[in-house]
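Keep the viewer open as you read.

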Amino acid sequence: MASKLSVMSTQPQPDTATEFETVIGLEVHCQLRTQSKMFCRCPADYAAAEPNTYVCPLCLGMPGTLPVINKTAVEWTIRTALALNMTIPELSKFDRKNYPYPDLMKGYQISQYDMPLSEGGWMDVETEALGKRRIGITRVHLEEDTARLLHRENEAGERFSLVDVNRSGVPLMEIVSEPDMRSADEARTYLVQLRQILRYLGVSTADMEKGSFRCDANISLRPLGSSEYGAKVEIKNMNSFRGVHGALEYEVKRQAEVLGAGGVIEQETRGWDEDREITLSQRSKEEAHDYRYFPEPDLPPLAITRDEVESIRSELPELPDERRARFQSDYDLGDFETNLLTEEPGRADYFDEAVAALQDTINAREAANWITGDLFAQINKDRSHPDLEEQPIRPAHIAELVGLIVGGDISRSQAKSVFETMYETGDAPAKIVAAKGLTQISGADALAPIINQVIADNASAVEDYQSGKAAALKYLVGQVMRHSRGQANPQQASELLVAALSD
Ligand SMILES: [Zn+2]
């Protein structure tokens, strides 16, 4: 390594943009949020549990225990695979992946090797620089998570590790892409979209920071125009989307510098150092494990009937792309609102509920504006209600507020103050309007006395207006608003004034 680094620093920097093409493939591990673990009845959601309390002889790896397949985990993996356009083979099986490491209670992990639950799918990914491109997905298979190691140091400076077995045996779905991504941006977009799909499917919290969605990347460079792959580097330890993006950007640069200086990229595993924003060599190809896969003798092969596949397919929820398309075509929403509203399934559901409560869906866009504008701003400001689900304004209240505005009952500026009270109290807007006496004064009959009074009281402004000073009208409307304590409908007041003064 030392000699290679010195080559990097003494050679001139090559023009990376024109010489090399970046080739990236991603491996995602995603915990399924099933009730129980993959092969035993321990609870799978260990987030709030004391260490080593969600354990049993099986997930502790005791001899003599026999695994039982979690049916829901298999169904959810097929559900995910179908959403990713994969083929589901009729026969699948589990295998033992053998390697000695203290996070592996049995000394092997039950995984899938040559007969995974699904193969050959794809996802379309769009980036600004590369446009819309189809990324192949090699396989989605099912395995079990390992125990968690907590590395510690005592007062004497001695380092040691603790083992928390709660995570051992939690269902883990592995989603392997083809080496089809061509930039760090594209890889990040792929991950963001994949996470979104997993959340829409309801199979995982897919939270990268909390470890329920983890990603390793394979990256290599090749001369532009070449169809052969260069030696690939595997990157681990990336705990955020930002980390994945940063590690890949760094690696593109590093490999281009090595290759540009006539050096050779070695196949190895590198770790992302988040603080220093660099990747560091962890182990070379020679140190790679031979996992000695063999069929898991304690589990029968899985036969998946076509009826089962079709039944799971028929129950797929509306996916992000479909939902985006529907919002745009049915409600005429712009890209910005659509993307905000479909980012999380809960947001899209909230909007759908608000639209369902509207008297006329022609006002859906108005509802979308209140949700993505005022409501999201309030949630961002308010630390006590971080979630859309937890904040006090119900979708039906948004619909009611929109109805009051488009019906002319309240003005937009009144609506803003009603909205604030809605957020504070959780009350329905009509109730707030009544309590505050906010109802807008509209219609010629109601406004005429106020307008006549204003005309009588403001002779010079009236004269100004009639001699052609248009700005005087604004002043007169302002007087109407003042006399009505802000309750007059300003649009109508203006029209009625113009009519009265042109007589
Ligand atoms: Zn267990």
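Leaving aside its neighbours within four places in sequence, which residues is Phe351 in contact with? Taking contact as heavy atoms within 4.5 Å, Phe351 meets Phe327, Tyr331, Leu333, Leu341, Ala364, Ala368 and Ile371. Before going further, a word on the source: this is a predicted model, in which local features need pLDDT of at least 70 and side-chain atom pairs count only at pLDDT 80 or more, while totals for chains, interfaces and linings use all residues. Residues are numbered from 1 along each chain as its sequence is written, and side-chain values use heavy atoms, with hydrogens and water left out.

Rings of Phe, Tyr and Trp (for Trp, the six-membered ring) pair if their centres lie within 6.5 Å, and the planes count as stacked when under 30 degrees apart, edge-to-face when over 60 and tilted for the rest. By this rule the count comes to 9 aromatic pairs. One of them is formed by Tyr291 and Tyr293, an edge-to-face pair at 6.1 Å centre to centre with 70° between the planes. The rings of Phe327 and Phe351 have centres 4.9 Å apart and planes at 75°, so this pair is edge-to-face. It links distant parts of the chain, with Phe327 in helix 7 (residues 320-331) and Phe351 in helix 9 (residues 345-357), 24 residues apart. Helices here (H or I, at least four residues) and strands (E, at least two) are DSSP runs numbered from the N terminus.

How do the two pairs compare in their surroundings? Buried means under 20% relative accessible area, exposed over 50%, and partly exposed in between, using a 1.4 Å probe and protein chains only. Phe327 and Phe351 are both buried. Tyr291, at 24% relative accessibility, counts as partly exposed, and Tyr293 is partly exposed with 27%. Lys97 lies over the face of Tyr291, 4.4 Å from the ring centre; the rule asks for NZ of Lys or CZ of Arg within 6 Å of the ring centre and within 35 degrees of the ring normal. Arg347 lies over the face of Phe376, also 4.4 Å from the ring centre.

Now zoom out to the core. A nonpolar core is a set of buried Ala, Val, Leu, Ile, Met, Phe, Trp, Tyr and Cys residues joined through side-chain atoms within 4.5 Å. The largest has 103 residues, of which Ile175, Tyr190, Phe351 and Ile398 touch the most other members. Its largest share, 9 residues, comes from helix 4. The core draws at least three residues from each of domain 1 (2-303) and domain 2 (320-436); such bounds come from an automatic or database domain assignment.

Of its 18 residues, 13 are buried, so helix 4 is largely enclosed by the rest of the structure. Its expected span (1.5 Å times one less than its number of residues) is 26 Å, and its end C-alpha atoms are 26 Å apart, which agrees. Gly202 follows helix 4 and has a positive phi, near 75°.

Strand 9 (171-177) holds Leu172, which counts as buried at 3% relative accessibility. Leu172 and Cys30 are 142 residues apart in sequence, yet 5.5 Å apart in space, C-alpha to C-alpha. In the loop between strand 8 (159-164) and strand 9 sits Asn166, buried with a relative accessible area of 0%. Its contacts beyond four places in sequence include Lys37, Tyr46 and Val55.

A second, separate core of 15 residues includes Leu447, Val462, Leu476 and Val480. Leu476 and Val480 are among the buried residues of helix 16, and the buried residues of this helix pack against helix 14 (444-457), helix 15 (459-466) and helix 17. Just after helix 16, Arg485 takes a positive phi of about 55°. Asn489 lies in the loop between helix 16 (471-483) and helix 17 (490-501). Asn489 is buried, with a relative accessible area of 12%, and its contacts beyond four places in sequence are Gln440, Ile441, Ser442 and Leu447.
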